[in-house]
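Hi,

Here is the structure I promised to send over. Have a look at it first, and then read my notes below.

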Amino acid sequence: MEDLLVAVDKAGGRASQAPETEIIRINGELTVALAIARCRVSHCAYPRWSSRAMREAIADIFVLIRMQPGNLIIRDYLIAPMHEIVGFKGDFHVNNGMKLDGFVFRSLDPLVALAERTFVGSAT
């Protein structure tokens, strides 16, 4: 969470965390909920991730940090608008279909890019 706050600040945006909800507000415009999903390996050796936080979060964007087997290293990030994942039930797999896999990234860079601010200049 701290890494995201710092990255948004470096990109010229403003981010703050509400301690009571752990929701991050970026530039006073959008909210982000973060959750970590530990990797569970099935009896067939397929990795799976689950998160109840996804069903409980009330934010504009949901970030699920998926861990590698062993749960020491981050595998990837699912960064999706909440309306795209509402109603998703069950575990995440390596491949979840085009609807969800389009939101999987190797870093938080796409989310940080939303926070970037560029000076446009005056209208006169």
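Predicted model: local features only at pLDDT ≥ 70, side-chain atom pairs only at ≥ 80, totals over all residues.

I started with strand β6, residues 61-67. All 7 of its 7 residues are buried (under 20% relative accessible area), so the strand is largely enclosed by the rest of the structure. Both faces are covered: I61, V63, I65 and M67 are buried on one side, and F62, L64 and R66 are buried on the other.

What does β6 pair with? On the parallel side there is strand β3 (residues 30-37), joined to β6 by 6 bridges; in that pairing, A35 has L64 as its bridge partner. Strand β7 (residues 74-81) pairs with β6 in the antiparallel sense, over 7 bridges, and here I61 is partnered by P81. β6 and β7 make a hairpin with 6 residues between them. Check G70 in the turn, which has a positive phi of about 100°.

The largest one holds about 170 Å³ of space, and its lining consists of M1, D3, L4, L34, I36, I65, I74, Y77 and L108. Helix α1 (2-10), β3 and β7 each give two or more residues to that lining. By class, the lining has 8 nonpolar residues, no polar ones and 1 charged.

Cheers

Conventions:
Residues numbered from 1 in each chain as written. Heavy atoms only, no water. Buried < 20%, exposed > 50% of the residue type's maximum accessible area, 1.4 Å probe, protein only. Helix = DSSP H or I, 4+ residues; strand = E, 2+ residues; numbered from the N terminus. Pairing = 2+ DSSP bridges. 1 Å grid on protein atoms, 1.4 Å probe; cavity = no way out; pocket = protein on both sides within 12 Å on 5 of 7 lines; lining within 4 Å. Points joined across faces, edges and corners; volume = space filled by probe spheres on them. Nonpolar A, V, L, I, M, F, W, Y, C, P; charged D, E, K, R; others polar.
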